[in-house]
Amino acid sequence: MASGTISRDECVILTEILGSKTPAGCGVLAQTDGKDPFTYPNDNPFRGQDEKLHRNSWLMPRLARRLTKNSEYHVSKWHKPLVVDSAECAKIRKALEEKIGTLEAKSKLPEACK
C-alpha cells in the first residue's frame with residue numbers, strides 16, 4: 001500500500017480511542033462539526049449570491065480578486081484530506097493494538113490502512 005486518505009468519521013473514531021496519539025491531521029477534522037461547506041470537499045460549497053457573483057471587498061479589492069474560487073488560497077481549498085502512508089498506518093495499528101487489543105484494532109483501523 002502506497003498511501004490513502006482518512007475520512008473525518010475515521011478521524012473521530014481514532015481521536016476517541018487514541019487521544020493524543022492520533023495522526024496530526026485528524027485534530028483539525030475532529031474539532032469541526034461537519035456542517036461547514038468549506039471545511040469538507042463537496043461539489044459546490046458556495047450558496048446564495050456567492051454561487052454566481054464575485055464578492056469584492058471595498059477595503060482590499062486586490063486581495064478579494066486574488067482569493068476567488070479558482071485561487072489555490074481560497075477558503076474552500078484550505079483543508080486537504082488527511083493522507084497516510086504505510087509507515088503512518090503501521091503506527092496507527094500499533095497504537096490501536098496497544099490500547100484496545102488486536103481483534104478490536106482490526107475493526108477500528110481506517111479503510112486506507114486495511
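**Up close: the cysteine pairs**

Reply: Let's start with C11, which is buried at a relative accessible area of 0%; buried means under 20%, exposed over 50% and partly exposed in between, using a 1.4 Å probe and protein chains only. Keep in mind that this is a predicted model: local features need pLDDT of at least 70, side-chain atom pairs count only at pLDDT 80 or more, and totals for chains, interfaces and linings use all residues. Residues are numbered from 1 along each chain as its sequence is written, and side-chain values use heavy atoms, with hydrogens and water left out.

So who is C11's partner? A disulfide (a pair of cysteine sulfur atoms within 2.5 Å) ties C11 to C26, with 2.1 Å from S to S. That pair bridges distant parts of the chain, as C11 sits in helix α1 and C26, 15 residues away, in helix α2 (residues 26–31). Helices here are DSSP runs of H or I with at least four residues, strands are E runs of at least two, and both are numbered from the N terminus. C26 is buried too, with a relative accessible area of 0%. The S-S torsion for C11 and C26 is about -65°, so this disulfide is left-handed.

C11 also touches I6, where touching, or contact, means heavy atoms within 4.5 Å.

The structure has 2 disulfides, so let's meet C89 and C113, whose sulfur atoms are 2.1 Å apart. This pair also links distant parts of the chain: C89 is in helix α4, while C113 is in the segment after α5 (102–108), 24 residues apart. C89 is buried at 5% relative accessibility, and C113 is buried at 7%. With a torsion of about -70°, the C89 and C113 disulfide is left-handed.

Count the bonded cysteines along the chain, and the pattern is 1-2, 3-4.

How values were computed
Lists of a residue's contacts leave out its neighbours within four places in sequence.
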